[in-house]
Structures are given as structure tokens and as C-alpha cells.
Amino acid sequence: MPNEFYKKIGKGKNVLFLHGWGEDKNTWLPVIDYLKENFTCWIVDLPSFGANLASESILTPMDYAVWIKNFVSNKKITNYHLVGHSFGGRIAICLANIDSEKIRSLVLYGTPGFPEKTALVPKIIARLYKLFSLGGLPFLKFLKRNRVYLKFLMSLYSDDYKNSHGQLRKVFLAAINYDLTKQMEQINVPTNIINGERDKIVSTATAEKMHTIIRNNQLRVVPLGSHFVHIENPLLFSGILINFFNEK
């Protein structure tokens, strides 16, 4: 694997970071500045992001987890702490199921672990439109050409969906409709669930639901925090990580 796909920074215990959707390995650099004196930090570009070429396959979170497991094996990384943000958190949940012997602890940060019901709304509307348009209803034909309607339809999708195209959009849909409940039930490593109080992408209710499913976990809600606490306040976020890692 070419070096541009990953970076190894620091010294000490291993920490592997998995970035969120639409991001790359460099999103973690502000946090790593506070960790590198005591931790060896591994950051990677997931397939189809950053310097990693787009995959030809439609990868599920478990497929990504297998890719990361192979990376860990190739780099001979053992006894590592695992940190996953958002989309990376989905992958981390799967990885904790298939590489638990090597994982010292797990941090699920701003992680949407359940299928996103809102994603079904546009699908239903689109299917209804297709069904009724086959009957040649004039009103529906009008809607098809109406920019206001099309703008409304796209507003139902998330920014991540709208900013994804082609194969990557299919990967996004595969991820948000992937139910990780069973994988969460099987996690057997110490877990820290972190969520911003004002996270508009992953609600605290989602984090609290995960808190009831995963064994041996603790929940930390960051006051006034958004979905990007690691960028807004890397000192605070790194402190949370260091305290958790030092307990394990």
C-alpha cells in the first residue's frame, strides 16, 4: 500500500483513527498534535476518500472493516486503541467484531449505528412518482419538470448524499441502511461513546440508544459540541481520548 494512503505519527501505544464521510486522514492532525508524544497514531484514507482510489465495488461498513483489518495485519499493528468518527464509527463497530483480540479499547464518536429512517422518505416519494407516472397522470408529469418539486425532493436528502455521485452515492446508501445492532451487541472491548450535545447529524438520542446496547461502555456528551468536536476543540477532544486510553 503506497505511503500516501496513511501516516504514522508519534511514539507509544498504538491508536488507529477512522475518519468520517467526505473527510480524509488529515482531519485528525489537530488531535494528533496533542497525542503524538505518548501515542503512535495511525491515520488512513478509507477507500474512495483522500489519496485512496475509488473502489470499483459497493462497499458496506463490514467490507471497509475487512480492508482495515488487512491494513492492521500488513503493518503488524497490535494492541491498538480504535477511534471511529461518524461513518468511520460504523466501520469501527464492525472491526471490533472481527479484530477484537487486537483492540484495547473502542471510541465511537458521532456514530450513527442504526438505519436512517429519513433516507426512506425520498425513496418512497420516488417510487410513488414512478408508479403513478406510468398511468400518465398529467399532474405528476408536471412535477417531473417542476424545479420547486425537484428542489424539495433533494432537500429530503442529507448533504452527504447530495455531495456524493456515482458509485460513491451507492456506497453512502449502503452505509446508512446498514443495521449495526447485532454487531453492537457483540462488542466485547471497553467502549467510549462520544457525542456532541448539539450534533445535528447524530442525535444524543442515538448515542443513548447505543449506550443501552453495547456492554462495558461509557457515554460522554460534550456540552455545546457539534458533529465536529475534534476540529472545533482538539484540545478537549484529545483530553477525553487520553483519559480513556490511560484507563485501559
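The talk below takes the labels one by one.

Tutor: Start with a caution: this is a predicted model. In the protein chain there are twelve helices and seven strands.

Student: What makes the pair of Phe-49 and Phe-87 tilted?

Tutor: Two values decide. The ring centres are 6.0 Å apart, and the cut-off for a pair is 6.5 Å. The planes stand at 50 degrees. Stacked needs under 30 degrees, and edge-to-face needs over 60.

Student: How do you know that the pair links distant parts of the chain?

Tutor: Look at the numbering. Phe-49 and Phe-87 are 38 residues apart. Phe-49 is in the loop between strand E3 (39-44) and helix H2 (61-74). Phe-87 belongs to helix H3 (residues 87-98).

Student: Why is Phe-49 called buried?

Tutor: Buried means under 20% relative accessible area. Phe-49 has 5%, so the label holds.

Student: And what makes Phe-87 count as buried?

Tutor: The cut-off is again 20%. Phe-87 has a relative accessibility of 4%, so it counts as buried. In the protein chain, buried residues make up 46% of the 248 residues.

Student: How do you know that the charged end of Lys-209 sits over the ring of Phe-114?

Tutor: Distance is one test: NZ of Lys must be within 6 Å of the ring centre. Here the charged end is 4.2 Å from the centre. Direction is the other test, within 35 degrees of the ring normal. Lys-209 is listed as sitting over the ring of Phe-114, so that test is passed as well.

Student: What makes strand E2 (residues 13-18) and E3 a pair?

Tutor: Count bridges. A pair needs at least two. Five bridges join E2 to E3, so they pair. The two strands run parallel. Take Leu-16: its bridge partner in E3 is Trp-42.

Student: Which residues form a cluster with Trp-42 through ring pairs?

Tutor: Tyr-6, Trp-67 and Phe-71.

Terms used. Residues numbered from 1 in each chain as written. Predicted model: local features only at pLDDT ≥ 70, side-chain atom pairs only at ≥ 80, totals over all residues. Heavy atoms only, no water. Helix = DSSP H or I, 4+ residues; strand = E, 2+ residues; numbered from the N terminus. Buried < 20%, exposed > 50% of the residue type's maximum accessible area, 1.4 Å probe, protein only.
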